[in-house]
Amino acid sequence: MSALPSNAFTEHVGKHPGEPNLMDPALISDPFAGYGALREQGPVVRGRFLDDSPVWFVTRFEEVREVLRDQRFLNNPVSSALGAAPEDTPMSRLMDMMGFPEHLRVYLLGSILNNDAPDHTRLRRLVSRAFTARKITGLRPRVAQIADELLARLPEHAEDGVVDLIQHFAYPLPITVICELVGIPEEDRPQWRAWGADLVSLQPDRLSRSFPAMIDHIHELIGARRRALTDDLLSELIRTHDDDGSRLSDVEMVTMVLTVVLAGHETTAHLIGNGTAALLTHPDQLRLLKDDPALLPRAVHELMRWCGPVHMTQLRYAAEDVELAGVRIRQGDAVQLILVSANRDPRHYADPDRLDLTRHPAGHAENHVGFGHGAHYCLGATLAKQEGEVALGALFRRFPDLSLAVAPDALERTPVPGSWRLNALPLRLR
Ligand code: HEM
């Protein structure tokens, strides 16, 4: 694990003994053990958010799913049911800490993830029309083609026989797929990759530089597409409307594109990276997959459970007093669903720390919360799973002798809370 950069987020660590803070180095460096210990302490544990405000961590599988299904928990703290002042929410304090320009906050606050019914339902309905399952499954041959092209060039990137899979495959594949789907020109894609890295870095200076540039860029793309519609997602978002004729506003469209492009590559890249590292460090499981490629969909379910890249959801807020697993959560309290501990909950899985690609039954039933659950269940889950299957299948087919070029414990991860991402994955192709 790289050193944790000290910044506005780290200064509160340790201020409240007994109340874990998301920035605690132990939780960041080993979230499986750290949040696992909290899970065994209880299903609902008092902790601290990044701005030091109190938060309830929900740590067990059943309780996590219960909250995500429960309409008394809201994503938007300034909704009328809660009535928090816009400047008095963890999200707004976070934006203050990051020096976020006031006039751009509307783009974050208007995101699909920050809205509840009926606004959320409307946004989700409109974007789902542009993002149909048929369209996504129809992309599979193109995803396979992009994967094959990238893999064919992988040996060219090797230095002393070693190539970084994150740099040359895990990122380029999903970023190419999502940019093609959305309609972002090829020459702009490296810039998006850099913006994505800035956003997840949690470094205030990088964030406040990149965010305005992204917003401007999307406004320009939408303007250009309005003059010449095609069949990409940008055009679909411009065309799409409800039965009553209502359309996405410009701000909603920009926010949607931003969310889809960032969520569409930053996460999937690390499903591919983490998944590859997990298979290479579990040769018995890799053998099973090589012997039976039909195992791939189940393998991806299990990799999502065991080393999925997203470790927690956005905050939820109780719209009224709620009793959860015997704990009184008061109206307005913030709740953080800890997916990483739910996915290893021994109450739900036998031998949960063991990677077992045959654990999930055949078919497509998903038995983990790596993509969330309920109304905000990941909009891109079908695409992400498809990319994971294509990427891992093609990688091990083309390079059957692939191996780690460093010891597993020398692999470095980005020290940010909530996600599990490798900085690099150095591999020997044969
Ligand atoms: C929501 C994880 C890939 C777009 C979510 C949520 C999770 C998640 C956990 C729910 C967050 C919450 O409830 O607070 C992942 C993982 C991915 C992935 C682990 C890859 C392995 C993608 C892709 C796209 C995408 C490829 C777009 C193409 C979205 C959007 C939402 C979302 C738009 C918000 C949905 C809503 O609020 O209704 N994702 N995601 N994600 N994801 Fe993904």
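In this predicted model, helix 8, which spans residues 140-153, packs against helix 18 at an angle of about 40°, and the two axes are 10 Å apart. Helix 8 and helix 18 are therefore oblique to each other, and their crossing is right-handed. On the side of helix 8, the contact is built from R140, V143, A144, A147, D148 and L151; helix 18 answers with Q386, E387, V390, A391, A394, L395 and R398. Sorted by class, this contact of helix 8 with helix 18 holds 8 nonpolar, 1 polar and 4 charged residues.

A second helix pair can be described in the same terms, since two packed helices are characterised by the angle between their axes and the distance between the axes. Here helix 12 (residues 204-227) meets helix 14: the axes come within 10 Å and cross at roughly 115°. That angle makes helix 12 roughly perpendicular to helix 14, and the crossing of helix 12 and helix 14 is again described as right-handed. Helix 12 contributes M214, I215, I218, H219 and I222 to the meeting, while D250, M253, V254, V257 and L258 come from helix 14. The residues of this contact of helix 12 with helix 14 divide into 8 nonpolar, 1 polar and 1 charged.

The ligand is surrounded by 25 residues, of which T267, T313, G372, C378 and G380 are the closest. At least two residues of this shell are supplied by each of helix 14 (250-280), strand 5 (312-318) and helix 18 (381-398). The most is given by helix 14, with 7 residues in the shell around the ligand. In terms of class, the shell divides into 13 nonpolar, 11 polar and 1 charged residues.

A319 has 20 C-beta neighbours inside 10 Å and so counts as buried. Leaving aside neighbours within four places in sequence, A319 is in contact with R72, L74, A81, L82 and Q331. From A319 to Y377, the C-alpha to C-alpha distance is 20 Å, with a separation of 58 residues in sequence.

Two residues have a positive phi without being glycine. For A325, phi is near 50°, and this residue sits in the loop between strand 6 (322-324) and strand 7 (327-329). With 14 other C-beta atoms within 10 Å, A325 is partly exposed. D351 likewise has a positive phi, of about 50°, and belongs to the loop between helix 17 (339-342) and helix 18. D351 has 9 C-beta neighbours inside 10 Å and therefore counts as exposed. Elsewhere, the peptide bond that joins A117 to P118 is cis, with omega near 0°. P118 itself is placed in the loop between helix 5 (105-109) and helix 6 (119-130).

R428 is part of strand 10, which covers residues 426-428. Because R428 has 16 C-beta neighbours inside 10 Å, it counts as partly exposed. Not counting residues up to four places away in sequence, R428 touches G161, V162, S403 and A405. A405 is 23 residues apart from R428 along the chain, and their C-alpha atoms are separated by 5.6 Å. A37, for its part, is found in helix 2 (residues 31-41) and is partly exposed, with 16 other C-beta atoms within 10 Å. A separation of 283 residues in sequence lies between A37 and E320, and these two residues are 29 Å apart in space, C-alpha to C-alpha.

Technical notes. Residues numbered from 1 in each chain as written. Predicted model: local features only at pLDDT ≥ 70, side-chain atom pairs only at ≥ 80, totals over all residues. Near = placed C-beta within 6 Å. Helix = DSSP H or I, 4+ residues; strand = E, 2+ residues; numbered from the N terminus. Nonpolar A, V, L, I, M, F, W, Y, C, P; charged D, E, K, R; others polar. Axes fitted to C-alpha atoms, helices over the stretch in contact; angles between N-to-C directions. Parallel < 35°, antiparallel > 145°, perpendicular 65-115°, else oblique. Left-handed = near helix turned anticlockwise from the far one by under 90°. Contact = placed C-beta atoms within 7 Å. Buried ≥ 20, exposed ≤ 12 C-beta atoms within 10 Å, placed from the backbone.
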